Number of protein chains: 2
Amino acid sequence: MSKVCIVGATGAVGREMVQGLKELAYPVSELRLLASEHSAGKTMETPYGLIKVEKAVPDSFKGMDVAFFSAGSVVSKELAPEAARRGCLAVDNSSAWRMDPDVPLVVPEVNMDAARKNKGIIANPNCSTIIMCVAIEPIYRNYGIKRIIAATYQAVSGAGWAAIEELRKESEDVLAGRQAKPEVLPMKNGTVHHQIAFNLIPHIDVFMEDGYTKEEHKMVDETRKIFGDQSIMVCATTVRVPVFRSHSEALFVETVKDFDIEDVKDAIATGKGLVLEDDPAKYVYPMPFKVSGSTLVHVGRVRVDSSAPRSIALWAVGDQLKKGAATNAIQIALGLLE
Amino acid sequence: MSKVCIVGATGAVGREMVQGLKELAYPVSELRLLASEHSAGKTMETPYGLIKVEKAVPDSFKGMDVAFFSAGSVVSKELAPEAARRGCLAVDNSSAWRMDPDVPLVVPEVNMDAARKNKGIIANPNCSTIIMCVAIEPIYRNYGIKRIIAATYQAVSGAGWAAIEELRKESEDVLAGRQAKPEVLPMKNGTVHHQIAFNLIPHIDVFMEDGYTKEEHKMVDETRKIFGDQSIMVCATTVRVPVFRSHSEALFVETVKDFDIEDVKDAIATGKGLVLEDDPAKYVYPMPFKVSGSTLVHVGRVRVDSSAPRSIALWAVGDQLKKGAATNAIQIALGLLE
């Protein structure tokens with residue numbers, strides 16, 4: 001049995017963490033909910049009873065076994081080492097530690113072994129990266145991967161509760177003929193805000209020097225680190241769409257070896273953490289509003305991309321709050337208990 | 001001055017045709033609105049006054065100069081030759097004639113010359129193809145194109161008024177906590193219907209043997225015909241998104257020759273029918289709700305795709321009802337008047 005902390009318990013991912021512990025039957029002997037001073041003192045209803053939220057401080061982790069962090073990079077940067085120092089494993093959902101060479105970046109379906117070499121902190125990848133990595137793992141394992149082109153269709157949940165609420169409010173406004181008043185997207189602390197209701201915003205996280213967003217960089221750098229293969233080429237365009245909580249991705253994957261497309265489908269259907277939903281004749285393919293709530297990555301529209309030799313086109317959808325965040329983090333900790 | 005017919009005048013594209021004639025200052029001396037028996041007898045308010053809708057029959061085209069067809073393939077197949085036979089040029093927005101070797105398929109920014117070789121019928125390409133072709137024309141002209149990967153984000157307007165109404169109604173239902181009742185998408189005459197509100201449907205038009213949709217095939221076949229270049233490789237995943245009327249596309253273009261990315265941006269900025277909206281520092285990039293109403297294709301997020309040699313990533317948005325349909329058709333006819 002495990003003594004578990006959740007840091008950032010009141011956020012969108014934090015709440016999924018609490019639910020996820022129960023759903024994945026994590027052996028919880030004690031659950032401590034931590035948050036900023038602002039949320040401390042609130043009481044949260046959980047599958048483990050009513051729990052009072054405490055302010056996260058270094059000594060919160062004393063005597064605890066594992067802490068799931070989902071309170072942003074600044075908090076993780078400061079408190080994850082404090083947890084580790086106190087013998088409490090930090091599984092961090094922020095981007096703070098992901099590219100640190102001493103910190104494993106883990107998608108259990110791909111590189112659970114890396115998690116076992118941790119020094120007290122394990123990083124949970126970016127949501128769109130997790131979903132892509134689970135979807136392509138059977139392709140990588142069987143045929144190798146040279147290049148991935150990804151166009152994402154990312155739900156507002158990736159920007160937290162405020163963005164979920166913003167999509168709802170703006171949609172109501174637009175339908176009623178009122179002007180929407182965007183305040184959160186594309187970035188809470190951004191200089192300009194854009195309407196997301198009935199719109200698309202091709203901008204997630206900050207822009208870098210080369211014209212890519214940080215979100216797009218994450219899909220390159222994190223994918224290489226997770227597969228432990230710097231030769232994988234990745235190019236992504238990441239786009240926010242007016243969907244509440246599941247991320248979708250159009251992927252175009254060039255393999256190293258030849259494949260038979262039916263074998264690719266079989267490999268996905270039997271792949272870890274995957275469901276193949278691919279029956280075009282019956283209009284069956286993954287759709288975000290149906291995938292929401294699932295802890296798996298759903299893949300469909302698998303077909304030969306004949307525009308290049310050895311290329312596969314597919315469509316992957318995963319619940320951003322679950323497999324894209326909370327589920328993956330909990331699965332990492334569960335894997336270490338085995 | 002020209003005597004103009006619009007066939008399918010009461011549909012979503014038909015109404016845009018009527019508006020487009022005025023917007024583009026088409027020299028209209030007479031305007032005849034044609035439709036099915038079902039809509040005949042209705043009166044429509046137009047920039048040319050109130051006009052009674054007549055039933056479209058072969059003799060409707062007698063003495064007329066140009067007929068814009070937007071009433072579906074069955075009507076175009078039957079009536080476009082009747083118009084042509086009566087000396088009335090048929091500009092057809094359906095897919096009926098697009099791949100006919102005797103019928104030019106025209107995007108004025110790319111191949112206006114082809115339109116001049118018509119035998120009485122000219123085909124207007126598919127909406128997502130038009131938007132893509134306008135966006136990539138400067139790249140093709142300056143550097144040649146080997147391969148295009150396209151992931152589309154297509155508005156419901158592409159499926160007509162009923163789909164626009166369906167998105168509105170379903171959104172209201174979902175926001176009010178009611179079950180949505182899809183009846184139109186992904187295809188009006190389809191066997192199954194899926195919710196589009198706060199969802200994505202990776203299925204536009206019918207599925208083909210190879211797992212691609214007909215919409216995805218159009219982006220391959222029509223692009224090659226428009227550029228008159230069978231060597232262009234194209235792979236597309238086309239997706240319906242909960243946006244009312246502009247289509248967006250994430251494009252990844254491999255060129256034949258080397259390029260400097262600043263020159264590519266300049267070529268797009270000065271390209272025909274194009275606007276470059278590309279200032280990430282100021283959060284400026286094309287977004288469908290802002291592009292709606294524009295007759296141009298808006299391009300942004302132009303950057304080097306370093307996952308392959310000589311590759312460019314970009315984001316293109318165009319109003320599906322205007323440049324994706326009505327505007328393009330009217331521009332073809334206008335070009336022939338020059």
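Here is the chat that followed.

Modeller: Ground rules: this is a predicted model, where local features need pLDDT of at least 70 and side-chain atom pairs count only at pLDDT 80 or more, while totals for chains, interfaces and linings use all residues. Residues are numbered from 1 along each chain as its sequence is written, and chains are lettered from A and ligands numbered from 1 in the order in which they are written.

Biologist: Which strands does strand 9 of chain B pair with?
Modeller: Strand 11 (residues 246-255) of chain B pairs with strand 9 in the antiparallel sense, over eight bridges. Strand 10 (residues 233-237) of chain B runs parallel to strand 9, with five bridges. Strands here are DSSP runs (E, at least two residues), numbered from the N terminus, and two of them pair if DSSP finds at least two bridges between them.

Biologist: What stands opposite Thr152(B) in strand 11 of chain B?
Modeller: That's Glu249(B). In strand 10 of chain B, Ala236(B) is the bridge partner of Ala150(B).

Biologist: New topic: is Val103(A) buried or exposed?
Modeller: Val103(A) is buried, because 22 other C-beta atoms lie within 10 Å. Buried takes 20 or more other C-beta atoms within 10 Å of the residue's own, exposed 12 or fewer, and partly exposed is in between, with C-beta atoms placed from the backbone.

Biologist: And how far is Val103(A) from Ala114(A) in space?
Modeller: C-alpha to C-alpha, 9.1 Å, and they're 11 residues apart in sequence.

Terms used:
Helix = DSSP H or I, 4+ residues; strand = E, 2+ residues; numbered from the N terminus.
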